[in-house]
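Trainee: I have a model open and want to read its packing. Where do I begin?

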Amino acid sequence: MKVALVHYWLVNMRGGERVLRALCDLYPQADIFALVADADVVKEHFPGHTVKTSFLQKIGGKKHYQKMLPLMPHALESFDLTGYDLVISSESGPAKGVVTRPDSLHVCYCHSPMRYIWDLFPQYYAASGKVARLALSLFAPGLRQWDVTTSARVDHFVANSTFVAQRIKKFYRRDSDIVFPPVGVKRFDISPDVDDYYLCAGQITPYKKIEVAIEACNKLGRRLIIVGDGATKALKDLAGPTIEFTGPVPHARLKDYMARCRALLFPGVEDFGILPLEVMASGRPVIAYGRGGALETIKDGVTGAFFAEQSAASLSEAILAFEAEPTRFDPESIRAHALTFDEEVFKARISAVISTALRERGLSA
């Protein structure tokens, strides 16, 4: 059986690419199709796989791929997948839009429908410059139509969380199996030392609502370290003297920040949220806004706590409640929960789902 793995863009190693890496472990002979790819990423993380890119590689490549959203549907549809029996698209961009053979099986592992053209469109629009806003206004309606139309090209959807399954149902009117994505929890360790700071980490984007954590720590006078790229001038201007921006840091330093923080502050609404599990694998609790994927990964009162409103006041109350019971959260119990999201769990579950879908299609694995 010939297998193709379709990924939107292959320019770094984040959660989506870890899913692709795990799928490559399950299908070591699979070819990879991506709109654009970085040669160094391919060489380091996907050796032995043939990686085929679209025409976007030649006209923009990894440097300008995000500006070519209107061309992505055409680029995906230009891939020739007629030689493949099983096609697995890894989707949070437009990857599911590929055209496959009628007798093949197309499974879409969906991290999320394109949030920037659906429910998070207002947030992305508000945070964009004039040119980007104009582009979003012009192209988003057509992309929404294309996105819905191409959902019919998928034979079987797999969502990375119940929250994403709800999005798939809402926008595509399709049911999904749910398989949580792989998390490299064994790469993290518990530290015997805990410092006096709270932590925010990851790529800073509007929907992560870092300003809520900043305002809460400003109000309480708590130390907050923010790790990651994308901090805007507005966020830095908002920060008081107890707030520190580090920018991107090496993985070893990030591990250290995770292992020694009082808790991770997580004020955004994530589709799933790998970062909280990495912090929990380090034995530290998470104080999260109680919506989205956080509800599926955090056990209230055991591995963290939720706050009810996406506001600094609500987060401040949760921080004070957390600090009132400093021994409430056991690092070993927190880590034990995180280990249930290990990569091997993902591989076993996604393999079972795909095997069932193949049998239903009359294909053998």
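Mentor: With burial. A residue counts as buried when its relative accessible area is under 20%. This is a predicted model. By that cut-off, 53% of the 365 residues of the chain are buried.

Trainee: What secondary structure does the chain have?

Mentor: Count helices and strands. Here there are 16 helices and 13 strands. The radius of gyration is 21 Å, close to the 21 Å from the globule rule for 365 residues, so the chain is as compact as a globular protein of that length. The C-alpha trace spans about 60 × 45 × 40 Å along its principal axes.

Trainee: What share of the contacts with a separation of 6 or more joins residues 24 or more positions apart?

Mentor: In this chain, 62%.

Trainee: Which residues touch the most other members of the largest nonpolar core?

Mentor: General idea: in soluble globular proteins, nonpolar side chains tend to be buried together. Here the largest nonpolar core has 56 residues, and L199, L224, L265, I287 and L315 touch the most other members. Helix α9, residues 210-220, gives the largest share of this core, with seven residues. Another core lies apart from it, with 40 residues, including A4, Y8, A75 and I117.

Trainee: What does L199 touch, leaving out residues up to four places away in sequence?

Mentor: Its partners include L224 and L265, and also I225, V227, Y257 and M258. C261, A263 and L264 are on the list too.

Trainee: And the surface and charges?

Mentor: The accessible surface is about 15,800 Å², with 53% belonging to carbon and sulfur atoms. The chain carries 44 positive and 41 negative side chains. The centres of those two sets lie 5 Å apart.

How values were computed:
Residues are numbered from 1 along each chain as its sequence is written. This is a predicted model: local features need pLDDT of at least 70, side-chain atom pairs count only at pLDDT 80 or more; totals for chains, interfaces and linings use all residues. Side-chain values use heavy atoms; hydrogens and water are left out. A nonpolar core is a set of buried Ala, Val, Leu, Ile, Met, Phe, Trp, Tyr and Cys residues joined through side-chain atoms within 4.5 Å. Buried means under 20% relative accessible area, exposed over 50%, partly exposed in between (1.4 Å probe, protein chains only). Helices (H or I, at least four residues) and strands (E, at least two) are DSSP runs, numbered from the N terminus. Contact means heavy atoms within 4.5 Å. The radius of gyration is taken over C-alpha atoms; the globule rule is 2.2 Å times the number of residues to the power 0.38. Accessible areas come from the Shrake-Rupley method with a 1.4 Å probe; for residues, only the protein chains shown count as cover. Lys and Arg count as positive and Asp and Glu as negative; His and the chain ends are not counted. The place of a charge is taken as NZ of Lys, CZ of Arg, CG of Asp or CD of Glu.
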